[in-house]
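Notebook open, structure loaded. I want to jot down a few things I looked up, one entry at a time.

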Amino acid sequence: MEEKIGIFWFRQDLRLHDNLAILDLIKDCDKIIPVYIFDNDAIIGSASKWWLYYSLDSLDKSLRLKNSRLFYFNGQPYKILKTISHDHKISNIYWNRLYDKYSIERDSKIKENLKKLNINVKTYQGSLINEPWKIKNKSNSFFKVFTPFWKTCLEENQPIKLLSPPSKIETLFIKSSLLASKDDFKLFDQKATWINKLALNWVPGEEQALKNFKNFKNKVIENYSDGRDRPDKNYTSKLSPYLHFGEISPERIFEEIKKKKIIKNKSKKKFLAEIGWREFSYYLLYHFKNLDTENFQKKFDKFPWLFDKNLFTRWKKGQTGFPIVDAGMRQLWETGYIHNRVRMIVASFLVKNLQIHWHYGRDWFWECLVDADLASNSASWQWVAGSGADAAPYFRIFNPVLQSKKFDPEGEYIRKYIPELSRIESKYIHSPWEKQNNEYIQPIIDLKVSREKALSFYNQISKS
Ligand code: FAD
């Protein structure tokens with residue numbers, strides 16, 4: 001009898017634990033070919049490309065420990081899968097599903113075409129706790145508000161079975177003229193200096209994801225409910241890039257935290273709800289396919305946004321004169337990450353105080369974040385802008401000075417990212433312009449005036 005050969009197509013699931021799809025493929029076939037295809041039409045930001053490179057490296061190493069390896073390809077996924085299938089008589093191809101419009105359309109066509117070639121294609125739920133089409137409200141339609149959505153998810157949640165990695169991977173070591181190396185993907189310039197800073201802050205890959213989660217679960221989560229808003233402390237999990245690339249499954253995080261008895265209930269609930277916000281973002285993206293480009297609330301289509309290139313550049317560079325905003329934007333540039341509270345502050349400053357469209361902020365975050373994620377980034381920008389589902393009301397405008405005093409009281413976070421302010425007295429750290437002869441950048445706008453302007457713009461769209 002002929003050997004059964006299968007392809008496992010890795011995408012945003014760069015892990016071996018909790019990967020039912022690869023376990024099933026190994027069970028269903030005699031040998032498998034693990035592939036990663038770099039699809040040039042899928043848009044990825046620069047910091048994420050750096051992450052992807054090292055994440056693939058880590059996955060390849062894990063596969064090699066199982067006497068396998070990752071086979072890299074560059075180009076259109078269908079053409080590549082079809083060629084390998086033809087050359088190696090492939091019978092089965094499995095992958096974990098994605099939820100954005102581009103991937104859904106691409107993958108549906110690929111599935112249909114491969115089936116016509118008599119290939120058994122199976123797709124799996126690999127990056128969410130609940131499939132977006134399964135959670136519905138009482139009128140059988142989709143939720144637009146987080147709290148009832150998450151309550152329903154918790155009610156419907158079945159016990160999750162955590163899965164060990166495959167013990168052995170029988171692999172077909174192919175030789176194909178299409179084979180590439182990950183350097184062919186030209187993900188970043190190895191000589192660029194910015195990558196050194198990312199490397200100082202992050203270690204991509206499944207092994208590190210599991211290590212970080214264990215540390216968070218055992219040592220950090222206790223302080224989550226009170227500490228998660230403090231950018232000067234280290235009380236959040238920093239799991240977002242690992243979750244984005246699927247190096248750890250949200251199901252593992254959810255199940256292990258839910259089961260752990262000693263965690264204070266308040267912290268546990270709050271943390272699980274944040275995993276819930278991630279689910280809700282994917283849910284919104286699935287049901288509202290253009291969440292990344294169109295306002296969820298249509299009235300915002302008429303918002304009279306402004307655009308001042310100089311102000312936008314000052315925001316991107318962390319030179320607005322408002323220390324908490326500048327520290328956040330510099331943290332982003334240096335580390336590929338911003339603390340959630342500060343993401344909200346810098347985003348509010350852009351869309352409300354500078355009245356610049358959320359699309360500009362979305363794009364800059366997309367380029368610089370190591371955790372840039374179409375669902376979470378789009379939903380969160382719309383949340384801050386007020387145009388999203390269950391969004392912060394537009395008229396609630398963050399005052400960066402008050403936010404800074406409340407959440408970074410001693411200015412430790414600011415001092416870390418703004419060396420010019422490292423020696424300033426604490427009473428001036430949030431508003432250095434109040435100090436005589438201060439040399440820090442003067443504020444680029446007047447908070448009160450810009451706030452009133454934003455509110456008058458909002459009144460225009462509210463009345464119409
Ligand atoms: P924790 O507090 O430890 O939370 C655990 C996990 O829950 C996170 O890793 C993340 O996966 C999820 N999560 C937490 N908060 C949110 C949230 N508000 N929305 C969705 N998921 C959440 N998150 C991204 O993963 N990618 C993005 O591109 C992104 N862009 C954002 C843009 C703006 C303007 C704002 C305000 C928020 C954005 N977020 C984004 C959400 C949030 O800021 C990050 O997920 C969080 O800061 C990651 O840090 P953490 O892993 O330590 O979070």
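**Entry 1: a lysine on a helix**

I started with Lys266, which lies in helix α11, residues 265-287. A reminder to myself before going on: this is a predicted model. Is Lys266 buried or exposed? Its relative accessibility is 56%, and the cut-off for exposed is over 50%, so Lys266 counts as exposed. I then looked for its contacts, leaving out residues up to four places away in sequence, and found that Lys266 touches Ser225 and Asp226. I also checked Lys266 against Lys405: they are 139 residues apart along the chain, and their C-alpha atoms are separated by 24 Å.

**Entry 2: the ligand**

Next I went to the ligand. How many residues surround it, and which are the closest? I get 28 residues, with Tyr224, Thr236, Ser237, Lys238 and Asn340 as the closest. Leu239 uses a backbone N or O atom, 3.0 Å from an oxygen of the ligand. Asp373 has a polar backbone atom 3.1 Å from a ligand oxygen. The ligand taken alone exposes 810 Å², and the protein buries 95% of that.

Most residues other than glycine have a negative phi, so I wrote down the exceptions I came across. Lys238, already on my list of residues closest to the ligand, has a positive phi of about 55° and is not a glycine. I place Lys238 in the loop between α8 (224-227) and α9 (240-244). Lys238 is partly exposed, because its relative accessibility is 31%. Gln355 is another non-glycine with a positive phi, near 50°, and it sits in the loop between α14 and α15. At 2% relative accessibility, Gln355 counts as buried.

**Entry 3: α15 and its neighbours**

Which of its residues are buried? I list Trp358, Gly361, Arg362, Trp364, Phe365, Trp366 and Cys368. These buried residues pack against α2 (46-64), α12 (309-317), α13, α14 (340-353) and α16 (374-385).

Helix α13 (residues 323-335) and helix α15 (residues 358-368) pack at about 40°, with axes 9 Å apart. On the α13 side the contact is made by Met329, Leu332 and Trp333, and on the α15 side by Trp364, Phe365 and Cys368. By class I get six nonpolar residues in this contact, no polar ones and no charged ones.

Conventions. Residues numbered from 1 in each chain as written. Predicted model: local features only at pLDDT ≥ 70, side-chain atom pairs only at ≥ 80, totals over all residues. Heavy atoms only, no water. Axes fitted to C-alpha atoms, helices over the stretch in contact; angles between N-to-C directions. Helix = DSSP H or I, 4+ residues; strand = E, 2+ residues; numbered from the N terminus. Contact = heavy atoms within 4.5 Å. Nonpolar A, V, L, I, M, F, W, Y, C, P; charged D, E, K, R; others polar. Near = heavy atom within 4 Å. Polar contact = N/O pair within 3.5 Å; in protein donor to acceptor, adjacent residues only side chain to side chain. Areas by Shrake-Rupley, 256 points an atom, 1.4 Å probe, with all protein chains shown as cover. Buried < 20%, exposed > 50% of the residue type's maximum accessible area, 1.4 Å probe, protein only.
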